[in-house]
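Me: I have a model open on my screen and would like to walk through it with someone. Could you help me read it?

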Amino acid sequence: MPSQPPLPPLLTPYLSDQPESSLTVISSVLGATSNWLVLRYLHASLSNTANSNISPESDGSIGSTSRRVVLVSFMRSWDFWKTEAKRLGLDLARLRDKRQFVFVDGLSELFTPPASASSSTVPIGSATHATLPLRNRPTPVPGRGPLAAGSLDRSAPNRPVQGDASNSVKLHFRGRGITALDAIEKDIISELDRQRASSDENEELLLIIDQLDLLLAATGPGLGIGATEMADWVMGLQQHAHATVLTIAADSPLIHNAATNVHGDRTPIETEHAALALGLAHRARTVMQLRMLETGAARDVSGVLRISRGGGWNGEAKHSLDEKELLYYIQRDGGLRVFGRGES
Amino acid sequence: MSFRKRNVGLSTGADRSAAVSSQSAPIEPSPGIRPSPDDGRPTTSTGAPSLDNLLAGHAGLPMGKTILIEENGTTDFAGALLRYYAAEGVVQEQKIHVVGVPEQWGRSLPGLIGTAESLEEKRSDRRKDEKMKIAWRYERLGEFGAGVAGSRDPPSQITAAGGESEAKPAFCHAFDLTKRLTHAGISNMSFIPLVPSKDSPFAAILNELRGALLSSPANTIHRIVMPTLLNPTLYPPSASQPEHVLQFFHSLKALMSAYPTRVTAMITIPLSLFPRSSGLIRWIELLCDGVIELCPFPHSADTVATSGAATSVEEPPQGMLKTHKLPVLHERGGGSDQNVGQDWAFTLSRRRFEIKPFSLPPAEGDTEAQDAAAPGGMPKKSDLEF
């Protein structure tokens, strides 16, 4: 049991209030990852109905707009999100069965064909030769062929761990360029639409995309995908959700190398990433920036969270947004403390 | 929790069967795997005890995680760590997959000289005090092994201990870099060559790894070893295209998450060829679970270091070690570990790779410089007083 409340009071207004068609960008760096904040978004959106009898009557539950969430994760598996959410007291598996939460798996089969299809084509023995020298003649190959085929039958318990995640949609990147992106977009949109169709009209649909910049980095202009295409891709998804939360890496090599006055080589991966990150920040209503302490590591501070208005902030009076810079600390048990500088 | 039960079951003669039956369920049958003291997830040893201790309180590398060792300069300290890692896997009879290097690499693994705790005991005989707090777990494990050797008659207990040889319960072993490993499991290593192809050079590697994981029995533990990734003498130029190498890392991550309890990987990369300030390396770091950077001192530094770096019994440090990212900890948000942000120094000697907190030595030979500087630049204390 975390001793802290799962949602720190300082963060609650930011987590639970996303106006229509707003974009929130969470930027992270290598030493200050964004997973904990995504989990807090999940908790803020899903916990009202999940355990309404447990949660205290906070101001978030007055509106009683229950939410549905679609989480697209390109870097982390379902198991990670499930176990980490459980530490917050959020049962994602149950919520998924209730169709209130949908996980879209962008990790396991994004660039690789599914294990069952590939296993028949794996050329075992073509290149595996044990340490024995002079053994890479083709003679062992026919001997291994039936062995590999036979092993498929008894390897049923040896399958990758996917029984639990098998009913989540897996994204595939096939081919190149915009057609490949469109296929992924279509998969996500079909999930979004299905969620929307089954929800009431007062239910808001929140789309969270975790590290979509991976898709750009791992493809790049060599495969016909640049920052413009990615930005359009995000735009296309945004139209199908009430609000969108994105996480993106903002490490200094990825952002600052793109400037022309930096000596050294600028590679497409840096220029495209910077263009995407800056473009998204300009479109965002809120930018949550995570970084490490500039003054070095501290025992009781994990990093700095800066909340600022993005370029898409249009001065609406109804939803106020205070710009803030806070420190946060993730405890061993998963509890979170958020506090201002100089406070404890 | 499980640890206490095990201790009770082995040391006391009474009520053994009950204790054994209750403990055998949670304990992994595979040798070389033990639950993390932090959160109980299975971990395996990297072959270097001090590196194990660095990994965010898990006292080992959690299963299903990738660790990236980066090295500056032309030295091969990272290669030594990688050999320890592979040798530990051989001794624990895990399946090793070595990518990209010829089979001679497997013959140069360091020789086994015993368990890590036996070496530690020998050392701590010299300075026997409670300074070894960080290794208390090893001490207890040593007792545990002795207990098995002393009372070995009940067969159920032997199965619980994992086998008959006394080396089995050991989590981590000590290796000697000047000797060569002779072990039956060494022929069990598989070497995955880089086959030239017009497509991604990593596709064949992934297929191979996936096939090996799929076709091996479910209790086999695998280690993936990738020496000097992207080194141009091993890898074709197209390998460093982001769409190839980053897709490979992503697929490797997917593979690890599909078999979360059966694989670990250690990868080294030369930073002099691929600096950390490039976006490509940063993405590789983001895709790995642990990132450790080695910054060896220039060779002239060891003459400086001998003047006062450490006491006479300890070797001078050979370089700095930086932890940029630790498995599990940073995935959760990071920052709460006492090891993060410390300055670490490493020393590679014949028998161990040791990581210690780095402390600047008192500048011994610098007194003349201070004296010379005092009359000119620095005002004396009396001048400052009113």
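Reply: Happy to; what follows is a set of questions and answers about this predicted model.

Me: Let's begin with chain A. What does its secondary structure come to?

Reply: Chain A has 344 residues, and 41% of them are buried. Of its contacts between residues at least 6 apart in sequence, 73% join residues at least 24 apart. Its secondary structure comes to 11 helices and 11 strands.

Me: At what angle do helix 9 of chain A and helix 11 of chain A cross?

Reply: Two packed helices are described by the angle between their axes and the distance between the axes. Here helix 9 (residues 227-238) and helix 11 (residues 268-283) of chain A have a right-handed crossing. Their axes come within 8 Å, and the crossing angle is roughly 35°.

Me: And how many nonpolar residues does that helix contact have?

Reply: On the helix 9 side of chain A we find A:Ala227, A:Met230, A:Ala231 and A:Val234, and they meet A:Glu272, A:Ala275, A:Leu276, A:Gly279 and A:Leu280 of helix 11. By class, one residue is charged, one is polar, and the nonpolar ones number seven.

Me: Which element of chain B gives the most to the side that touches chain A?

Reply: The contact takes 59 residues from chain A and 52 residues from chain B. Several elements of chain B each supply at least two residues to that side, among them strand 8 (190-192), helix 9 (203-215) and strand 12 (319-325). The side of chain B divides into 22 polar, 20 nonpolar and 10 charged residues. With 10 residues, the element that gives the most is helix 10 of chain B.

Me: One last thing: in the three-stranded open sheet of chain B, which are the edge strands?

Reply: The strand order is 1-2-3, with antiparallel pairing. Strand 1 and strand 2 (residues 42-44) of chain B pair over three bridges, and B:Arg34 stands opposite B:Thr43 of strand 2. An edge strand pairs on one side only, and here the edges are strand 1 (33-35) and strand 3 (61-62) of chain B.

Technical notes
Residues numbered from 1 in each chain as written. Chains lettered and ligands numbered in written order. Predicted model: local features only at pLDDT ≥ 70, side-chain atom pairs only at ≥ 80, totals over all residues. Contact = placed C-beta atoms within 7 Å. Helix = DSSP H or I, 4+ residues; strand = E, 2+ residues; numbered from the N terminus. Nonpolar A, V, L, I, M, F, W, Y, C, P; charged D, E, K, R; others polar. Pairing = 2+ DSSP bridges. Buried ≥ 20, exposed ≤ 12 C-beta atoms within 10 Å, placed from the backbone. Axes fitted to C-alpha atoms, helices over the stretch in contact; angles between N-to-C directions. Left-handed = near helix turned anticlockwise from the far one by under 90°.
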